[in-house]
Every structure is written in C-alpha cells, then in structure tokens.
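Hi,

Here's the structure I promised to pass on. Have a look at it first, then read my notes below.

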Amino acid sequence: MEVCYQLPVLPLDRPVPKHVLSRRGAISFSSSSSLFGAPDPRQLSQRRGAISYDSSDQTALYIRMLDVRVRSQVGFEPERRSSHPYLCIDFRTLHTRLSCGSTSASSGPERRVHRLLSFQRYLHSSRLLRGVPQQIPLHILDEDYTGQARCMLEKVGNWNFDIFRFDRLTNGNSLITLTFHLLNQYGLVELFQLDMVKLWRFLVMVQEDYHSNNPYHNAVHAADVTQAMYCYLREPMLAKSLTSYDILLGLLAAATHDLDHPGVNQPFLIKTDHYLATLYRNTSVLENHHWKSAVGLLRETGLFSHLPAEDSLNMERELGSLILATDISRQNEYLSRFRIHLDQNNLCLSNASHRHFILQMALKCADICNPCRPWEQSKQWSEKVTEEFFQQGDIEKKHKLEVSPLCDREMNTVGNIQIGFMTYVAEPLFAEWARFSDTRLSQTMLGHMGLNKASWGGLQQEQTPVSEEAEASIASADTGDAATAARRDANTAAVAGGTSSKEIPQGSRES
C-alpha cells in the first residue's frame, strides 16, 4: 500500500507552526525503505538538524522537502542569498493567493498552474513557461541586464573573464546566468530535452543553497569554477573527444561541487561531532554532502525524470565521482595516477573511463585555479579564502577548541598561506595538466601563477619591516611589558616560517 504525506503550503508572511517545523527538512532512506512510502521509524535511528538517517546506511540520500537550514552545534548559521529580489522567494513553497471567490473551488492541478504563473511573473520569463519555438533564440537575461552582461557572455571562454564584475552585472545571479548560458550554448537543453521550467528552477535552487555569508565558498566561487571548467572543455584535447554527456556532466559538477558548503573544513566538522561527519564516517564529509545535496535537488526538481531510471542513476553516480575528486586530502592519489598515465602515454580519450578521469582532473584544476588567474582576481580570491579560514579560527577560539592549521589570524598571513598553497598544491597539479594539454591556456595559467607567487613574496618583504618597526615602537613605550616582547618574537617567527613545512595540513583547503 502506498502511503503519501501531504506537506502543507504555508503563507510566506506567517511563522511556521511548531508541529510543521518538526517535520521540515530532509529525509533519507536505506535500501529497505521506499522513496515514495513512509520510512520505517526503526530505521531512523538518529535525527540531527534537518536530516533523519540510519547511522549504518552510507547511501543516505539528502532530499529537502522544504527549505531548511541546519544550525551548527557551535552557533554559525548560513544565510539565504537575497541580493536579487527574485531570490528572496522560496520557489519550493511559492504559491499564489487566490481571490476569495476562487479559493474554495481551486483544485490540486489548478493550484499547480497558479504556482507556475507566479514563478513566471517573478522571473519575467514567459517564454520559458509557454514554450519557445526552436527558431527563436532563448533570452538568457532579463531586459535590464542585456547590455554589459551579455557582452561579457560573448567572451565567456576568455581566461581573463572577470567573474566578480559579471556577478555585479547580473545582480548576484552569476551562477544561474552563466550555467544556463553554457548549457544552451552547447545545445544540451535541446539535445537532452530538458524542461526549461525544471532547469531554471534547479539552477535557482542551486544558487540559493550556496551560503552568501561565506567569504569564499559561495555561488560566485561556483560560477568561477564553472567558467574555468568551460575553458578546459574547449581545449583541443578535450573538445575533440568529449561527448555531449561528458560536457553536461562536467558543467553540472562544476556548478554544484561545493553545494551547501558550511564555510568550515572537514576537521572542524569532525571535532565538533557534526552530524555530517557521523553520517559519512569522517571520510570526504563535505564532498559527499555536496554530491548528495545536488542529487536531492535533481530529484526534487525532476530535471532528469524523463530519462530512463538507469540513465538517471548512472548520471548521479558519475556526478558524485567528479565531486568527490575535489577532496583535497586525495590530491596525491589523483596526481600520482595522472603522472603514471602521462609517463606511460596510455591515456585514450576514446575510452569512457579515461574521459571521466580527465574530467575529474579538469574539475580539480578548475576548483583551485585562483592562483592562475590575473593578479587582481587572484588577490581577491586569496583574501576571501584566507578570511574564511580566519573566521573558522575565530569560532574555534570562541568555543575553546583547538585552532585548525592556517586558521589563526594572529599566526598566519595571506601571503604565507598563498605561497605555500601554490608551492605544494597548485604548481604540481598545473604542471602535470600542462604536460597533458600543452596549449597557450596552460602556459598562461603557469605564467600567472609564477607572477602571483612573486607578487605575494614581494608584499611579504614589504610588510615584514613595517610590522617589526611598529612592534619595536610599542615595546620601547613600555619596556617593562615582557608579554609584548614575547608576542613580537612569536609573530616574527611565524612570518618567517609560517609555511616552511612541505606537509600541507588537512585544514588548508581552498576547494
């Protein structure tokens, strides 16, 4: 017997009752439970935040029934992205209030139509909902943004593409606009017969689920990675070998690779006993969460519901394989495998498994390509990721936790962190990528990285004497303050040797 639960649709301006709030959030199921039936209460052995799960079930699927945010045990809470007026509305619970005369007469299907009309009205996209003849070009942007933003999209394959400027021109919707444009440019919407309403809804939900209060792991980073992935997909070695399926998979993986990132790293989740660390047994915790979150949105929107079930499952699995490859703790594993292939010259891109591996390496490069961007962009990204590290360190200090490596703003600098990251993580990866694809783009990336590394080194040399002079003046003002002298010596030592070790700490994650 099939059991269905009817979730109430609540007015947006009313608080959520407690009896509804207790049922909000995501559910998961094990192999013995049905996706469409009621879960067995005995299997839901633990409930943390918005997710019920069986602690022994590692295939737990993260599905959001209503928009829910999970509060951490140590008090940080993500915010909704609200820079664009349309994105203040939760399209998953969006509904239109009918007039008093028609409220009682409205049926289920009619209510669904009214929701679509409301969605259409807020997005000014009637063409997407009424159906677009193939000969009419799709309008990617609203009329207000068809100027400079459209001109930038014409050069989206340029490595100097300024994602920060593009995000401003699209009023904070760079991820939606860019991903939609690329899928349409490749003809993937028509080829895979993707429903335009479902696609747009999926992209809106993806962008919403990136936390705008994260300095680095936000929707702009996802858009930047997606643009970099597009540049790599256009490289001759890949362009002549990849199938449309590969391209679709690569773009979706880039757009969702950090979905619902909490702004802290895996060691933080483990030492705070976060429910995600328990769910994924302390292994690729964030990457598994990004993957399952993406699968949840794919199923919630039904983007691939028209495809055979086996094809949809295969796409979900391969999407996970790409996202899991971005785990920085597995960097050496993938890099060694890449070197072996290149040394033996046995990569055959007519082989589906080899193409998938190259997509993994391309996504890894796109994820940490910030040091390879022009200085102005690279510097902004460096400051953002370092600030996110420091914010985690501040939280750890506040709650009397051990401060993670590179997260103490008193012991580290942006320059030291970036020089170490380039030396031990980025340079080895992009050197091997250049061996695989020795093109102008590869040489440009290596050139930018060398210049950026030298720039950070120069800034470090300029800042160190100033810092020492300031500390000396403070010490001379109060010669009896031994604590000030001790702090001065500690800071000098930290600046001199903050990244002298070749071992990259687990917390030094820039992906």
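In which hand, left or right, does H10 pass H18? The crossing is right-handed. Bear in mind that this is a predicted model.

Some background before you zoom in: a pair of packed helices is described by the angle between their axes and the distance between those axes. For H10 (residues 219-233) and H18 (residues 352-367), the axes come within 8 Å and cross at roughly 135°. That angle makes H10 oblique to H18. On the H10 side, the contact is made by His221, Val225, Ala228, Met229, Tyr232 and Leu233. H18 brings Leu359, Ala362, Leu363, Cys365, Ala366 and Asp367 to it. Sort the residues of this contact by class and you get 10 nonpolar, 1 polar and 1 charged.

H19 (residues 375-398) and H20 (residues 414-436) have axes that come within 10 Å and cross at roughly 105°, so H19 is roughly perpendicular to H20. Here H19 uses Ser382, Glu383, Val385, Thr386, Phe389 and Phe390, while H20 uses Val414, Ile417 and Gln418. By class, this contact has 5 nonpolar, 3 polar and 1 charged residues.

While you're on H19, click on Asp394, which sits in that helix. Is Asp394 buried, partly exposed or exposed? Its relative accessible area is 32%, so Asp394 counts as partly exposed.

Cheers

Key
Residues are numbered from 1 along each chain as its sequence is written. This is a predicted model: local features need pLDDT of at least 70, side-chain atom pairs count only at pLDDT 80 or more; totals for chains, interfaces and linings use all residues. Side-chain values use heavy atoms; hydrogens and water are left out. Axes are lines fitted to C-alpha atoms, for helices over the stretch in contact, and angles run from 0 to 180 degrees between N-to-C directions. Helices (H or I, at least four residues) and strands (E, at least two) are DSSP runs, numbered from the N terminus. Angles under 35 degrees count as roughly parallel, over 145 as roughly antiparallel, 65 to 115 as roughly perpendicular and the rest as oblique. A crossing is left-handed if the near helix is turned anticlockwise from the far one by less than a right angle, and right-handed if clockwise. Contact means heavy atoms within 4.5 Å. Ala, Val, Leu, Ile, Met, Phe, Trp, Tyr, Cys and Pro count as nonpolar, Asp, Glu, Lys and Arg as charged, and the others, Gly among them, as polar. Buried means under 20% relative accessible area, exposed over 50%, partly exposed in between (1.4 Å probe, protein chains only).
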